[in-house]
Amino acid sequence: MSVLTRDEAQTRAGLLDVHRYTIELDLTTGDETFDSRTLIRFSARADGDTFVEVKPAELHSVTLDGQPLDPETLDGNRLPLKNLTAGEHELRVHAHMRYSRTGEGMHRFTDPTDGETYVYTQLFMEDVQRVFAAFDQPDLKAVFELSVRAPQDWTVLANGVTEHTGDGLWQAAATPLISTYLVAVAAGPWHSVRTEHRGLPFGLHCRRSLAPYLDTDADELLDVTRACFDRYHEKFDEPYPFDSYDQAFVPEFNAGAMENPGLVTFRDEFVYRSAVTDTERQTRAMVIAHEMAHMWFGDLVTLKWWDDIWLNESFAEYMGYQTLTEATRFHDTWTDFGVNRKAWGYDADQRPSTHPVAPEAVDDTASALLNFDGISYAKGASALRQLVTWLGEKDFLAGINTHFARHKFGNATLADFIDSLAGATERDVHAWADAWLRTTGVDTLTPRITPGENGTCALTVDRTGSRPHRIAAGLYDRDLGDDGRQLVLRTRLHLDLPQTDAHPIGKRPALLLLNDGDLSYAKVRFDPESFETIRKDLSGLPEPLTRAVVWNALRDAVRDGELAPAAYLETARAHLPLETDLAIVQGVLAFASTYLADRYVRPEERPAALATLSELCRDLIRRTEDGDNPGLRLIAVRHRIDVTAHPDTIAAWLADGTVPGGPELDPELRWRVLGRLAVLGATDEAAIAAELERDPSATGLEGATRCRAALPDPDAKARAWESMFGSDDLSNYLFTATAQGFWQPEQAELVRAYVPRYYTDAVALADRRGPAIAEAAGRWAFPADAVDPENLRLGEECLRQAEPIPALRRKLVDQLDDLARALRVRQATES
């Protein structure tokens with residue numbers, strides 16, 4: 001299959017205007033393939049040659065202006081269109097297309113709970129070609145008119161309002177001008193909750209087996225949807241540009257969600273079957289806000305080419321968090337962003353695969369797919385938050401609204417957007433864009449406090465890096481009226497970096513915190529006195545976002561080999577039991593268990609690290625015995641299960657069906673306990689099968705698959721490996737579940753022989769199954785717990801010699817860099 005290059009796209013956009021697609025899909029032709037008929041009306045500006053893309057199981061016929069073309073001329077995914085003349089044309093393509101089990105194209109899923117089948121599209125980047133023929137690039141927008149034949153008891157959803165015209169045939173209203181990758185269809189016996197808002201039909205949809213759970217949360221989901229919808233209409237001059245707003249929660253979805261205009265698709269894990277924390281509800285609400293922002297950023301105005309991914313994702317990320325904060329009950333969203341999303345950006349930006357937020361050139365679609373990462377989302381959103389701090393929100397929104405007015409239902413570039421912003425402010429936005437959007441890496445800000453006269457001090461901020469920053473520096477003193485461990489804010493200094501002069505700060509504070517409020521994107525360090533205050537009194541800081549900045553700084557220091565993992569764990573042990581913000585508790589425990597205990601400490605130190613984390617979780621469980629904070633208790637119980645080294649306690653929980661004092665073990669907790677028991681060799685196939693009979697759902701099947709792969713038995717490991725790499729039967733979700741179970745730090749010796757096998761088998765698998773499975777193989781099946789020089793050598797040799805496809809190569813580059821970092825952290829600890 002040929003990937004589309006930027007040069008080819010520019011040439012084709014110069015030749016063609018695409019007007020309308022009329023698409024007929026028949027989903028009643030069998031379990032493996034569906035029928036696809038496409039009529040494309042387009043015009044050529046001049047005589048010339050071009051091509052249309054399609055990836056059929058079987059190409060039946062092609063006609064251009066009534067004349068047949070030879071289907072045998074299809075070369076990979078390209079059907080050549082030779083000797084076009086200037087003027088209007090009609091292209092008809094009839095093909096059978098193959099259903100997907102990997103979340104790409106038209107994904108087909110049968111629910112093990114009730115046997116019902118559902119299909120939905122994910123047409124991002126190049127996957128529209130798996131569903132219908134298209135001139136597949138974002139700047140060839142067109143009107144799309146779809147009809148879909150489906151089984152009689154199915155409902156069909158699409159970008160526009162759909163109508164059942166009889167005999168299983170559904171007609172969708174024609175769309176406005178949109179890009180090919182934004183077309184969407186979701187069909188099946190959906191359970192639906194429908195309403196109207198501001199004259200538009202709104203809908204929520206999920207599998208029938210999830211109906212009770214969707215109904216429970218429908219009011220919350222719709223309240224968030226309505227609140228964000230109204231707030232965007234206050235921010236944006238352009239009204240919502242489509243005829244309806246459906247949100248479909250679909251199975252085995254590869255992303256968090258997809259911004260198809262009028263039909264947003266979400267992974268259906270967001271329909272909660274088990275207890276969740278309020279922070280998890282906030283995350284779901286943020287995804288709703290993020291995808292709705294895309295209706296303007298990405299759908300109304302679309303990038304011209306994939307080098308401007310940030311125009312979609314960074315804006316939706318920033319707007320999602322900010323609008324959720326303004327319009328809903330979730331007021332601490334930036335704390336969650338700081339602890340979780342921002343760390344994703346910092347990590348990505350320090351790897352060899354880093355790239356600018358807005359790269360100068362993305363040569364082809366395969367390269368573009370790799371840039372949907374922590375830089376395009378989290379770093380880009382952080383840069384926009386800094387831009388708003390620098391410009392002011394009034395000028396920022398004025399520039400955005402100019403951008404929408406100029407480019408609605410069209411395409412735009414970074415230069416277009418900067419020009420729109422520049423017209424709304426006297427500031428040099430072009431210079432800001434060069435410094436922030438065209439550069440890579442993370443600046444580091446370090447305070448230098450120098451004494452002056454009469455006990456006063458002055459602050460100079462040393463900056464490693466090149467970006468300008470507008471930050472706040474928080475000066476905190478001890479509250480001497482209390483026990484001395486509470487910290488009170490004296491003042492926040494607003495600084496522009498680089499500085500011209502040292503800034504007077506009065507007497508030395510107990511703590512000086514750079515980037516207080518987290519308005520910029522930079523690593524921060526502490527002066528020695530401030531670090532001592534953090535070590536003793538971190539939990540005494542009054543605001544969650546301030547504590548999040550501190551925890552991020554400690555995390556960065558561990559990753560950079562400047563703070564021993566044991567010191568981080570000691571700080572967590574001392575202060576996390578007093579933490580009130582759930583996002584912070586979750587983020588710190590996740591980093592401490594996944595990175596510190598599993599990778600950064602040496603094997604002989606791991607039992608002590610797990611014991612520290614287990615004691616910490618016990619403290620949190622004791623603190624929540626009165627039932628006042630069920631979210632905190634749930635986090636503590638989950639992590640207590642994950643870090644337990646001895647099975648007796650959690651085995652008793654499973655047998656009793658409850659944690660003493662609560663919570664009762666719902667399906668998520670039962671599978672979590674059973675998974676840990678499997679790792680520890682304290683359960684067996686009979687118990688797993690019995691649990692699956694108790695919970696025969698899709699998530700139950702994933703849980704059983706994960707448990708079976710985690711059993712410390714050579715035969716179980718061999719079966720798991722064969723299912724991942726020896727056959728192509730696993731869906732994307734079951735592949736991930738198998739990989740998650742397979743590698744366990746406790747089982748290093750048992751699986752050591754699989755480490756070299758991984759590199760040859762993963763390369764072959766990615767070649768066969770494509771980017772989605774390649775990404776899963778690189779992310780989940782990589783032997784990350786084998787922290788040793790030999791694993792690093794094998795991986796580097798694979799990159800040099802094996803030529804993995806781009807999706808796998810990128811994951812391997814990142815994983816190997818993380819592996820090298822873990823080795824450096826261990827070496828720093830030893831020295």
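Two residues are in contact when heavy atoms of theirs lie within 4.5 Å. By that rule, in this predicted model, helix H5 meets helix H7 through residues that include Trp334 and Phe337 on the H5 side and Ile375 and Tyr377 on the H7 side.

**Helix H5 against helix H7**

- Helix H5 covers residues 333–349 and helix H7 covers residues 375–391.
- Their axes are 8 Å apart, and the two helices pack at an angle of about 120 degrees.
- This angle makes H5 oblique to H7, because angles from 65 to 115 degrees count as roughly perpendicular and only those over 145 as roughly antiparallel.
- The crossing of H5 past H7 is left-handed.
- From H5, the contact involves Trp334, Phe337, Arg341, Lys342, Trp344, Gly345, Ala348 and Asp349.
- From H7, Ile375, Tyr377, Ala378, Lys379, Ala381, Ser382 and Arg385 take part.
- Sorted by type, the residues of this contact are eight nonpolar, two polar and five charged.

**Helix H5 against helix H14**

- Helix H14 spans residues 582–600, and its axis comes within 9 Å of the axis of H5.
- The two axes cross at roughly 5 degrees, which makes H5 roughly parallel to H14.
- Thr335, Asp336, Val339 and Asn340 of H5 touch Ala583, Ile584 and Gly587 of H14.
- The residues in the contact of H5 with H14 comprise three nonpolar, three polar and one charged.

**Aromatic pairs**

- The whole structure contains 53 aromatic pairs.
- One of them joins Tyr232 and Trp296, whose ring centres are 5.6 Å apart.
- The planes of these two rings stand at 45 degrees, so the pair is tilted.
- Tyr232 belongs to helix H2 (residues 211–235), while Trp296 sits in the loop between helix H3 (278–294) and strand E20 (301–303).
- Tyr318 and Trp334 form another tilted pair, with 5.8 Å from centre to centre and 40 degrees between the planes.
- Because Tyr318 lies in helix H4 (residues 309–327) and Trp334 in helix H5, this pair ties together parts that are 16 residues apart in sequence.
- Both Tyr318 and Trp334 are buried.

Terms used
Residues are numbered from 1 along each chain as its sequence is written. This is a predicted model: local features need pLDDT of at least 70, side-chain atom pairs count only at pLDDT 80 or more; totals for chains, interfaces and linings use all residues. Side-chain values use heavy atoms; hydrogens and water are left out. Axes are lines fitted to C-alpha atoms, for helices over the stretch in contact, and angles run from 0 to 180 degrees between N-to-C directions. Helices (H or I, at least four residues) and strands (E, at least two) are DSSP runs, numbered from the N terminus. Angles under 35 degrees count as roughly parallel, over 145 as roughly antiparallel, 65 to 115 as roughly perpendicular and the rest as oblique. A crossing is left-handed if the near helix is turned anticlockwise from the far one by less than a right angle, and right-handed if clockwise. Ala, Val, Leu, Ile, Met, Phe, Trp, Tyr, Cys and Pro count as nonpolar, Asp, Glu, Lys and Arg as charged, and the others, Gly among them, as polar. Rings of Phe, Tyr and Trp (its six-membered ring) pair if their centres lie within 6.5 Å; planes under 30 degrees apart count as stacked, over 60 as edge-to-face and the rest as tilted. Buried means under 20% relative accessible area, exposed over 50%, partly exposed in between (1.4 Å probe, protein chains only).
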